[in-house]
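Let's walk through this one together, strand by strand. Have the fold open while you read.

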Amino acid sequence: VYKRQGQGQAVLLRDASGHAVLVDAGPPGRPAAVVRGLVGLGVRRLDALALTHPALDHVGGAGALLDHVEIDRLLVPPLPLGEPHPPTVDAIEDARSRGVDVLRVRAGDALRVGGWSLAVLWPPRRLPAGLDPNRGSMVLRASSGGWSALLAADAESPTLAPLASGSVDALVVGHHGSEDPGLADLLGRLRPAVGLISVGAGNRFGHPHRRTLRTLREAGVSTYRTDRDGALVVRRQAGRVVVARSR
């Protein structure tokens, strides 16, 4: 599930039996867009909700999710020392008050949900105070039925490059497609068939950056972006990755 208008990101991983993991909760709203998206897909329960890092456009919808969707586990990375992020702290406290298991995860941890295997690639430990929180984004490699995706959250190539081992079918492009000088080398190692950019229409950050789009194009990556293509549904069919647009 991707937000089309307004900056934010939420990625739903679901198998044929209905097991589901949501990675990030998008921005806040009344109701939060992520709630409307899940309800529209018939999702009333999540095996896990992962909040990748303390940024409002990734965690802002968590409170609304807890109100409307049954959640078994909340996954959070080690948060920066001495820099509490109220929306993230509120989500953790709200989850605990509802009996949701809150798990701190870090590089090397793994999770199995139905047909999905999730490997946590980053971060390895708590970040020092003052470091850009994007550098501490939880980075996940998700695999199911012979295909895989790298979910970069807001991490960029300085973080991702050491983690890139083996190709993936799909890449959720880091930081909404911001400028990333190391992206070409990263793509050469990951060799994704499809790139997905979660980005708000007319956002004030200039995402996705034109050089990022050009780099993806030159690498032969079929790129989809939510500001133009709407919510995106990705599946593997007859040995290839197929992307359906909502528009």
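This is a predicted model: local features need pLDDT of at least 70, side-chain atom pairs count only at pLDDT 80 or more; totals for chains, interfaces and linings use all residues.

Residues are numbered from 1 along each chain as its sequence is written, and side-chain values use heavy atoms, with hydrogens and water left out.

Start with the open sheet of 5 strands, ordered β1-β2-β4-β6-β7 with mixed pairing. (Strands are DSSP E runs of at least two residues; two of them pair if DSSP finds at least two bridges between them.) β1 (11–14) and β7 (101–104) each have a single partner strand, so one side of each has no neighbour in the sheet. From one strand to the next, the twist averages 20°, with axes fitted to C-alpha atoms and angles running from 0 to 180 degrees between N-to-C directions.

The other open sheet has 7 strands, in the order β8-β9-β10-β11-β12-β13-β14, and its pairing is mixed too. Its edges are β8 (110–113) and β14 (222–225), each with a single partner strand, so one side of each is left open. Here the twist averages 20° from one strand to the next.

Here are two of the pairings:

| Strands | Direction | Bridges | Opposite residues |
|---|---|---|---|
| β2 (20–23), β4 (48–50) | parallel | 3 bridges | L22 and L49 |

Finally, R96, R104, R106 and R126 form a positive surface patch. (Patch residues have over 30% relative accessible area and no salt bridge, with like charges joined within 9 Å; areas use Shrake-Rupley with a 1.4 Å probe; a salt bridge puts a Lys or Arg side-chain nitrogen within 4 Å of an Asp or Glu carboxyl oxygen.) Of these, R96 sits in helix α4 (residues 86–97), helices being DSSP H or I runs of at least four residues.

Technical notes: Patches are made of residues with over 30% relative accessible area and no salt bridge: like charges are joined within 9 Å, nonpolar side chains (Val, Leu, Ile, Met, Phe, Trp, Tyr) within 5 Å. Lys and Arg count as positive and Asp and Glu as negative; His and the chain ends are not counted. The place of a charge is taken as NZ of Lys, CZ of Arg, CG of Asp or CD of Glu.
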